[in-house]
Amino acid sequence: MTTISGKADPVVRAVTFNDVAESLIAGLRDFQAAPYYGMALGAIYCAAGIAILLSVTTLGMSYLAYPLAAGFALLGPFVAVGFYEISRKREAGETATFSDILKAMTSRGEIGWMAFVTLFIFIMWMYQARFLMALFFGLNASFTSITQFIAVVLTTNTGLLFLLAGNMIGAFLAAVLFSLTVVSFPLLLDREVDCVTAMVTSVRAVVRSPVPLLGWAAMIVVLLVLAALPFFLGLIVVLPVLGHATWHLYRRIIMPAPTAAN
């Protein structure tokens, strides 16, 4: 098989839970070796999440706080490009600069297209949340505070059905995004391939190793939820560690590119 550009498709290897665990350990080591850039990117992501939540609260739309907090994690794969670059440089025996990180996130058009994919799914997530709000609580539903919204959701049959439906749809969208991005962003950073090939390769990776990679996805969700509980502050550490770990997992999933013959 060949890519759209005519080059051979990346070769996907099967991975195990041991690969996932070792990748997480390697990610932690990368973070320990270069914590400041990782924490800076995590802090920017954290600050953006806080700003969004404060905005919806100020505008009297506190009922959107939960879907926003949950959906905001969907944008993580793009933010993680900076962590991939740090790990890639360290792997080559080099030290990444802030300029290198910005260049990795902004200079490649195919990464921009992948960022658009993640943004599109985030928008779909928010639209389905608003649709479910109207479906379960009426078109004119409003809540004066996040406390009132939580009370209604957790103590009424309608609220519990809303929560169940929202989480099921959200889980589906998150699974789709994970399948499309688990190796696509690091692949685009590492090689000259198009975003369609990167997404197809990512899906092939999940199909090849469904249980370990879905386990990795579940671990990401749990860690991100726990990190987001203290007003997103835990993401300052958790996000870079997961980003670095994803790079190392990508290295285990995708065979190295063949070197050109002399």
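Glutamate 91 is partly exposed, with a relative accessibility of 40%; here buried means under 20% relative accessible area, exposed over 50% and partly exposed in between, with a 1.4 Å probe and protein chains only. The structure is a predicted model, in which local features need pLDDT of at least 70 and side-chain atom pairs count only at pLDDT 80 or more, while totals for chains, interfaces and linings use all residues. Residues are numbered from 1 along each chain as its sequence is written, and side-chain values use heavy atoms, with hydrogens and water left out.

Let us stay with glutamate 91 for a moment. Its side chain meets that of arginine 251 in a salt bridge, at 2.6 Å from N to O. The term stands for a side-chain nitrogen of Lys or Arg within 4 Å of a carboxyl oxygen of Asp or Glu. Arginine 251 belongs to helix H13 (residues 235-253) and glutamate 91 to helix H5, so this pair ties together parts that are 160 residues apart in sequence. Helices are DSSP runs of H or I with at least four residues, and strands are runs of E with at least two, numbered from the N terminus. Arginine 251 is also partly exposed, at 27% relative accessibility.

A search of the whole structure finds eight salt bridges, and three of them are set out here.

| Salt bridge | Closest N and O atoms |
|---|---|
| Aspartate 30 and arginine 90 | 2.4 Å |
| Arginine 191 and aspartate 190 | 4.0 Å |

Aspartate 30 and arginine 90 form a salt bridge with their closest N and O atoms 2.4 Å apart. Because aspartate 30 lies in helix H1 (residues 17-33) and arginine 90 in helix H5 (residues 81-91), the pair links parts that are 60 residues apart in sequence. Aspartate 30 is buried, at 2% relative accessible area, whereas arginine 90 is partly exposed, at 41%.

In the pair of arginine 191 and aspartate 190, the closest N and O atoms are 4.0 Å apart. Arginine 191 is buried, at 15% relative accessible area, and aspartate 190 is partly exposed, at 23%. Shared partners join Glu91, Asp190, Arg191 and Arg251 into one network of salt bridges.

Now to the packing of the helices. Helix H9 (residues 157-181) packs against H11 at an angle of about 110°, with the axes 6 Å apart; axes are lines fitted to C-alpha atoms, for helices over the stretch in contact, and angles run from 0 to 180 degrees between N-to-C directions. H9 is therefore roughly perpendicular to H11, a label for angles of 65 to 115 degrees, with under 35 roughly parallel, over 145 roughly antiparallel and the rest oblique. On the H9 side the contact (heavy atoms within 4.5 Å) is made by Phe178, Ser179, Leu180 and Thr181, and on the H11 side by Met199, Ser202, Val203 and Val206.

Helix H11 (residues 195-208) also holds threonine 201, which is buried at 1% relative accessibility. Beyond its neighbours within four places in sequence, threonine 201 touches Pro10, Val12, Val183, Leu187 and Ile254.

Finally, the largest nonpolar core has 64 residues, and Phe178, Leu213, Trp216 and Ile253 have the most contacts inside it. Such a core is a set of buried Ala, Val, Leu, Ile, Met, Phe, Trp, Tyr and Cys residues joined through side-chain atoms within 4.5 Å. H13 gives the most to this core, with nine residues.
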